[in-house]
Amino acid sequence: LQDYVHREGRKHGRGREPKRVFGRDDFGGDVHYYGDRCVMCTRCVRFMTEVEQDARLCVVERGDRSVIDTFFDEGLEGTNFSGNVVDICPVGALVSKDFLFKARAWDMDSAPGICPGCSNGCNIEIGAKENQVVRIKPRYNAEVNSYWMCDYGRKHLVMANRGARIDLPLIRRNGELEAVHWGEALTWLSERMPEGDGVAVVSPFESTESIAAFRALLARIGISGGGYRLARGDEAQLAGFPKLKLRAERAPNATAAELFGFREVESLPSIAAGATVIVAGDRLDDLPADFAGDAGFFAYLGSHLSEAARNADVILPITTFLEMEGTFINHEGRLQRFRQALVPPGVARPAWMVIRRLLSLLGDGADVLEAEAAFERAATETPGLAGIAWSAIGPKGVLVRTDGAAAVSYTHLTLPTTPY
């Protein structure tokens, strides 16, 4: 139609008055303003004034000269929830600098997920193109985050694309790491897995099903206790919806780690010569290159290969939460499901699948190949999840008991299985 009008239409428009031309403006933070698209609905102004209660945006000029502008030179820089104005703009006048020119909406695959930026457990929609995360948007949940999410969560998850991944199992032979297939790696590990106490570390970014499987493995080989490291930061609350808060605990599933008997540690203990060390999920990228160099046996299950992880006797590639289905438990004990958004690299598999297969080789239970079965197995291993059916974990999630008491039974509920 545009080509036809250009060829056959009028050379000049019928309007006599000069056209209004509005420029573009950098509002600070991740927000860019296209003035010629704006219809002056003032949603962004009202969000900053009424919901975030930090009045950084306003309407300047009057009549046909009205535009949205910022009060201060820094604009939206330094705010914690201003990224939401991009989501509520009805005409695309406010755009995300990070997402600009990356993809069209119809080019992306989307999946419902849970933000891993902190323990609040905000519901999100993950937009992916060519197996890369390109956009994060909040997904409505009245019990957790309403229609909003914080700016930290958006940036944190988009950065998940960074870093070289482990895509093949590795075992140490003659002092060198050698790539092997899964069957050989797990058989090799099951034949050499030492029994007795040792040092165990799990990541609070792992799913509930993976943490449960890791606890079962430790119980099988005789390691008591176990710890997890948790980064902390400043908190920020959304004044207009106090339930939404960027929380100090910068991980999504520390509650599940506590539920299965792991305890937070500020730093990993020194590794004695000859000790057994098993790490699941923790990247160890802040530890020295000689970490666990004198350990008697060092097994590492992870997604990224740091210098410290290279000292392991066996390295098993596991997926991140973006590449599998599972659950997280947020700060208030709300169990929520997330769906797979990306394809795993190489032959990486969910940690719960790898560990349950290893347990099967050790004579403890059968293989687990689906997230639902992994959750049902986990539910039998702690009173806090007992009685909760996988199909009952709906869009709002369900509350679990984190005090050791039995959970309320949700097995009588049957909810739709379509993506939400």
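Contact here means heavy atoms within 4.5 Å.

The model is a predicted one. It describes a protein of 420 residues, of which 50% count as buried. The secondary structure comprises 9 helices and 21 strands. Along the principal axes, the C-alpha trace spans about 85 × 50 × 40 Å. Among contacts with a separation of 6 or more, 60% are between residues 24 or more positions apart.

The buried residues of α5 are Trp182, Ala185, Leu186, Trp188, Leu189 and Ser190. The elements that cover these buried residues include the strands β9 (170-173), β17 (297-302) and β18 (314-317), together with helix α8.

The pairing of α5 with α8 can be described in more detail. Two packed helices are described by the angle between their axes and by the distance between those axes. For α5 (residues 182-192) and α8 (residues 351-361), the angle is about 55° and the axes are 9 Å apart. Angles from 65 to 115 degrees would count as roughly perpendicular and angles under 35 degrees as roughly parallel; α5 and α8 are therefore oblique to each other. Their crossing is right-handed. On the α5 side the contact involves Trp182, Leu186, Thr187, Leu189 and Ser190, and these meet Val354, Arg357, Leu358 and Leu361 of α8. By class, the residues of this contact are 6 nonpolar, 2 polar and 1 charged.

Helix α8 also packs with α6. The axes of α6 and α8 come within 8 Å and cross at roughly 25°. With the limit for this class set at under 35 degrees, α6 and α8 are therefore roughly parallel to each other. The crossing of α6 and α8 is left-handed, whereas that of α5 and α8 is right-handed. From α6, the contact draws on Glu209, Ser210, Ala212, Ala213, Phe214, Ala216, Leu217 and Arg220, and from α8 on Ala351, Trp352, Ile355, Arg356, Leu358 and Leu359. The contact of α6 with α8 has 10 nonpolar residues, 1 polar residue and 3 charged residues. Leu358 of α8 takes part here and also in the contact with α5.

Helix α9 (residues 371-379) contains Ala378. With a relative accessible area of 0%, where buried means under 20%, Ala378 is buried. Leaving aside neighbours within four places in sequence, Ala378 is in contact with Ala212, Phe260, Arg356 and Leu385. Of these partners, Ala212 and Arg356 also belong to the contact of α6 with α8. Ala378 and Ala213 are 165 residues apart in sequence, yet their C-alpha atoms are 7.1 Å apart in space.

The largest nonpolar core has 104 residues, and the members that touch the most others are Leu94, Phe214, Phe262, Leu316, Leu335 and Leu385. Helix α6 (residues 208-221) gives the most to this core, with 8 residues. A second, separate core has 19 residues, among them Val277, Ala295, Ala308 and Ala309.

Not counting residues up to four places away in sequence, Leu94 touches Phe27, Val31, His32, Tyr33, Cys44, Val85, Val86 and Cys89. Cys44 is one of the buried residues of helix α2 (residues 43-51), along with Val45, Phe47, Met48 and Val51. The cover over the buried residues of α2 includes β3 (57-60), β4, α3 (84-88) and β5 (94-96). Just after α2, Gln53 takes a positive phi of about 55°.

Helix α2 also holds Glu50. At 52% relative accessibility, Glu50 counts as exposed, the cut-off being over 50%. The C-alpha atoms of Glu50 and Val368 are separated by 49 Å, and the two residues lie 318 residues apart along the chain.

Strand β4 (residues 67-70), part of the cover of α2, includes Thr70. Thr70 has 17% relative accessibility and so counts as buried. Apart from neighbours within four places in sequence, Thr70 is in contact with Phe27, Arg56, Leu57 and Gly75.

Definitions and conventions
Residues are numbered from 1 along each chain as its sequence is written. This is a predicted model: local features need pLDDT of at least 70, side-chain atom pairs count only at pLDDT 80 or more; totals for chains, interfaces and linings use all residues. Side-chain values use heavy atoms; hydrogens and water are left out. Axes are lines fitted to C-alpha atoms, for helices over the stretch in contact, and angles run from 0 to 180 degrees between N-to-C directions. Helices (H or I, at least four residues) and strands (E, at least two) are DSSP runs, numbered from the N terminus. Angles under 35 degrees count as roughly parallel, over 145 as roughly antiparallel, 65 to 115 as roughly perpendicular and the rest as oblique. A crossing is left-handed if the near helix is turned anticlockwise from the far one by less than a right angle, and right-handed if clockwise. Ala, Val, Leu, Ile, Met, Phe, Trp, Tyr, Cys and Pro count as nonpolar, Asp, Glu, Lys and Arg as charged, and the others, Gly among them, as polar. A nonpolar core is a set of buried Ala, Val, Leu, Ile, Met, Phe, Trp, Tyr and Cys residues joined through side-chain atoms within 4.5 Å. Buried means under 20% relative accessible area, exposed over 50%, partly exposed in between (1.4 Å probe, protein chains only).
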